Every structure is written in structure tokens, then in C-alpha cells.
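I opened my notebook with this one on the screen and went through it piece by piece. Come along and check my entries against your own view.

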Amino acid sequence: MKNEKKFKEFLAQYCSVTPQEMTNDMRFLEDLGLSSFDFMSLLGDLEDNFDIEIDSEKIGNITTIGEALLFIEGAKKSA
């Protein structure tokens, strides 16, 4: 995925895990230690940084790094 490196560097700003340590099966809340507020802030910033729109109904389906990457790729293709 072409956005993986950029996304992991972006995500590292929100947690204490380095991009190199991140795996696609890591969960935002449980493994990366993001609070619900951090996660919502991340989603808002994600929209701005990746020029995508996140449907609030789909937020519950995004729990891991891999799911977020798939979502970004899909959102970019449909834009």
C-alpha cells in the first residue's frame, strides 16, 4: 500500500509506538493506547492529511492499522 509509510508516520504523532514498530494488526485503542478522544482527533486529522472523507457510520469498522489503510486506499480510489 502506497500510503502505509505516510500513515504510520502520521499515526506515530498520536502514540508512543514508532512507525517501524507498528504492524497492520495493531488496534488503535488496545495496542496503541489511543483514547476515544485521541482516535476521533486522529480521524479528523486523517481526513485533512489524506484528503478523504470518513463516513461516521464506517468509523466503527476501523479498529486496526490495516483496516485504516484499506479504508484510505478505497477512499482515494473513489474520490
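Below are my entries, starting with the ground rules.

**Ground rules**

I am working with a predicted model, in which local features need pLDDT of at least 70 and side-chain atom pairs count only at pLDDT 80 or more, while totals for chains, interfaces and linings use all residues. Residues are numbered from 1 along each chain as its sequence is written, and side-chain values use heavy atoms, with hydrogens and water left out.

**Entry 1: helix 1**

I took helices as DSSP runs (H or I, at least four residues), numbered from the N terminus. Which residues of helix 1 are buried? I found F7, K8, F10 and L11, where buried means under 20% relative accessible area, exposed over 50% and partly exposed in between (1.4 Å probe, protein chains only). Looking down the axis of helix 1, I saw its buried residues fall within an arc of 160°, so they line one face of the helix. That arc is taken over the directions from the helix axis to the C-beta atoms. I then asked what this face packs against, and noted helix 2 and helix 3 (65–78).

**Entry 2: K8 and its partner**

K8 sits in helix 1 and counts as buried because its relative accessible area is 9%. I listed its contacts (heavy atoms within 4.5 Å), setting aside residues up to four places away in sequence: P19, M22, T23, N24 and I65. K8 also forms a salt bridge with E4, at 2.8 Å from N to O; I use that term for a side-chain nitrogen of Lys or Arg within 4 Å of a carboxyl oxygen of Asp or Glu. The two residues are four apart in helix 1, so about one helical turn separates them. E4 is partly exposed, since its relative accessible area is 23%.

**Entry 3: the other salt bridge**

How many salt bridges does a search of the whole structure find? I got two. Besides K8 with E4, there is R27 with D31, whose closest N and O atoms are 3.2 Å apart. R27 is partly exposed at 35% relative accessibility, and D31 is partly exposed as well, at 34%.

**Entry 4: V17**

I moved on to the loop between helix 1 (4–11) and helix 2 (36–50), where V17 lies. V17 counts as buried because its relative accessibility is 14%. Leaving out residues up to four places away in sequence, I noted that V17 touches A12, M22, M26 and L32. I also checked V17 against S36: they are 19 residues apart in sequence, with 17 Å between their C-alpha atoms.

**Entry 5: the nonpolar core**

Here I looked for sets of buried Ala, Val, Leu, Ile, Met, Phe, Trp, Tyr and Cys residues joined through side-chain atoms within 4.5 Å. The largest such core has 25 residues, and those with the most contacts inside it are F7, L11, F28, L32, L46, I52 and I65. Helix 1, helix 2 and helix 3 are the elements that give two or more residues to this core. Its largest share, six residues, comes from helix 3. I followed up on L46: beyond its neighbours within four places in sequence, L46 is in contact with F7, F10, D51, I52, I54 and I72.

**Entry 6: helix 3**

Helix 3 has 14 residues and reaches 20 Å from its first C-alpha to its last. That is close to the expected 20 Å, which is 1.5 Å times one less than the number of residues. Its buried residues are I65, G66, A68, L69, F71, I72, E73 and A75, and they pack against helix 1 and helix 2. I stopped at E73, which counts as buried because its relative accessibility is 15%. The side chains of E73 and N3 are joined by a polar contact of 2.9 Å. For that term I need a pair of N or O atoms within 3.5 Å; within protein, one must be able to donate a hydrogen and the other to accept it, and residues adjacent in sequence count only if both atoms are side-chain atoms.

**Entry 7: T64**

Is T64 buried or exposed? At 13% relative accessibility, T64 counts as buried, and I located it in the loop between helix 2 and helix 3. The side chain of T64 reaches the backbone nitrogen of E67 at 3.1 Å. Not counting residues up to four places away in sequence, T64 touches N24, D25, M26, R27 and F28. Last, I noted that T64 and E30 are 34 residues apart along the chain, with 9.6 Å separating their C-alpha atoms.
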